[in-house]
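Dear colleague,

A written account comes after it.

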Amino acid sequence: MILLVISSLTILPFLGLNDFHTKGEPREAIVAVSMIKNGDWILPTNNGGDIAYKPPFFHWCIAVASLCQGHVTEYASRLPSALGLIAMVMGCFLFFAKRKDTSTALIAGLLTLTAFEVHRAGLNCRVDMVLTVFIVLALLQLYKWTERGRKGFPYLSVVFMGLGVLTKGPVGILLPCLVTGVYLLLRGVKFSKALLSLSLIGITSLILPAIWYYFAWQRGGHEFISLVMEENFGRFMGTMSYESHKNPAIYNVVTVIAGLVPWTLLLLFSLFSYRFKKLNGNMKEWWNKLKKSVIAMDNLRLFTLLAIVVIFVFYCIPESKRSVYLLPIYPFIAWFMAEYIQFLAQKKSKSLTAFGYFFSVLSVLLILTFIFVASGLVSSQWFTGKHAAENLLYVQALENTPLSVVNLLFIILPLIPVLWFIGLNRKKDYSKKFIYAICAIILAINVSLDGFYQPTVLNVKSDKPLAKELAIIEPQAPIYSYINDRFLRFYTVDFYLSDRVRLFEKDMPQEGCLLVGKRDSETFLTKYEKEYSFKEILHTANKGCDIGDIIYLYRFAKK
């Protein structure tokens, strides 16, 4: 199947090219490291004694993918998210193709695959894409259940929702049931019947995760229960002991617009060619028309719309908001956008052509920019301000990267679909091939970025070289750390050292090596100078990717 091949070829080959360079990815991967290292697959601890903030299914997947190698790699860490994205794209394609038409389903799949937020999540070692695929697949299975007149029991949706809970918590059950419940009510099902049937489905979905929660509670006790309550109910109710991604409701609107890039740009282009009708009537009349049009929708369109609206509104309620929370709505938005793009093609809209040429020019500019940078024409004097040193490192990385045959292929790849698009436009061929050519340009840009530009530039941010140096200085013994922030750790260093980093103030060791940031070093040394002697061994030239500060390594011993 062409969509499966495209999804696999544009995602799977690039998962291991980027070193960990943000604290989020190694924070999840280190849980799988501790599972394999210590054999604890129920409630493993890491970074000197931390319990994972999320349930373990995602980490189980990483650990299982790593068993054949015996250790966790960047590739294995990102593989569950990548497979989740592919499964979601294919699941939605098969679902919509069976009920509507194959071409629209294919275009919707390509839009989902190339939407910025979805693409980024699919190549990251984070729980969000795996949760998303379970929510989306559960929704599709629940819709199939309603097609059968709610006869039988939706066992697959129960499995998907249970795995969703084991990935990130109760939201894996709540969202599919909530969307389906609203749909049933709008289709005339009595509230009591809808509530009873969905409650039974939801409760059954809890059986699988309840087994893990029971054993984890036995292992972790009060500390585990407190963490579960805060991460799930405290986050939703805004009663967490710390501020976590607090944003206003408008934040969700902005993140969806940004997350749908590049396709939101097409919507923007099309506005210039759209003739707006004059609004007539008052708000009440408009509201009544809206209700009638919603009720008049066919079942599939109504369910697809509700999946977008209900989930979006749900995540506007809590104070804690992140762009990845809204990932489940993207494949459903993509369906409506696919219909709209085909409408533009049928109308031979200039906006679609302008959009294609915009990214054709962008592809060429990307290549020309690289040539300019790689030629050494960028002066270090051009960089000023807070991030000058970091930006200069990026430029130097591009300058010093050897141009192998593979790298050259990645660099020039976008030109191939660009030529295809230009040829179709000259022939005035605005068939489905025209849309596919535009999608191919976006896919080629993504492959070029994932295969060459991002690994080249972003790897200079990673603390992996520091970890390699530490492994030589201290080959086996624990390395201790101090950060004046109870939620922050040297996650990247700890991952590349196979979870050897411990907390100084928790262990209070007799001797060893200590990692500490420049901001915290003076306070720490002053606090313990009477008890310990410290000798600086090294400090990094650049800021660490986890703590955003210069990192110092000291050799210490108790007096």
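This is a predicted model: local features need pLDDT of at least 70, side-chain atom pairs count only at pLDDT 80 or more; totals for chains, interfaces and linings use all residues.

Residues are numbered from 1 along each chain as its sequence is written, and side-chain values use heavy atoms, with hydrogens and water left out.

Helices (H or I, at least four residues) and strands (E, at least two) are DSSP runs, numbered from the N terminus. Buried means under 20% relative accessible area, exposed over 50%, and partly exposed in between (1.4 Å probe, protein chains only). Contact, or touching, means heavy atoms within 4.5 Å.

Helix packing

Helix α1 (residues 2-9) and helix α5 (residues 102-114) have axes that come within 11 Å and cross at roughly 10°. Axes here are lines fitted to C-alpha atoms, for helices over the stretch in contact, with angles from 0 to 180 degrees between N-to-C directions. On the α1 side the contact is made by I2, L3, I6 and S7, and on the α5 side by L106, G109, L110 and L113. These residues divide into 6 nonpolar, 2 polar and no charged. In that division Ala, Val, Leu, Ile, Met, Phe, Trp, Tyr, Cys and Pro count as nonpolar, Asp, Glu, Lys and Arg as charged, and the others, Gly among them, as polar.

Helix α8 (residues 155-168) has 14 residues and reaches 20 Å from its first C-alpha to its last, close to the 20 Å expected at 1.5 Å a residue. The expected span is 1.5 Å times one less than the number of residues. Because 11 of its 14 residues are buried, α8 is largely enclosed by the rest of the structure. Among the buried residues are V158, F160, M161, L163 and K168. After α8 comes G169, whose phi is positive, near 125°.

Helix α18 (residues 388-400) has 13 residues and reaches 18 Å, close to the 18 Å expected. Its buried residues are A388, Y394, V395, A397 and L398, and they pack against α17 (350-374) and α21 (432-458).

Nonpolar cores

A nonpolar core is a set of buried Ala, Val, Leu, Ile, Met, Phe, Trp, Tyr and Cys residues joined through side-chain atoms within 4.5 Å. The largest has 144 residues, of which L111, W263 and V493 touch the most other members. Helix α7 (residues 128-147) gives the most to this core, with 14 residues. Leaving aside residues up to four places away in sequence, L111 touches W263, A334, M337, A338, I341 and C439. Another core lies apart from the largest one and has 15 residues, including F370, Y394, F452 and L458.

Individual residues

W145 has its place in helix α7 and is buried, with a relative accessible area of 2%. Not counting residues up to four places away in sequence, W145 touches R150, K151, G152, P154, T180, L184, S197, L198 and I201.

H119 belongs to helix α6 (residues 116-122) and counts as buried at 11% relative accessibility. Beyond four places in sequence, H119 touches T10, L113, N446 and D450.

A82 is in helix α4 (residues 74-99) and is buried, with a relative accessible area of 0%. A82 and H119 are 37 residues apart along the chain, and their C-alpha atoms are separated by 9.0 Å.

Backbone features

V261 and P262 are joined by a cis peptide bond with omega about 15°. P262 lies in the loop between α12 (250-259) and α13 (263-271).

R150 is not a glycine, yet has a positive phi of about 60°. R150 sits in the loop between α7 and α8 and counts as partly exposed at 31% relative accessibility. S498, also not a glycine, has a positive phi of about 55°. S498 is in the loop between α23 (491-496) and β4 (501-503) and is partly exposed, with a relative accessible area of 39%.

Yours sincerely
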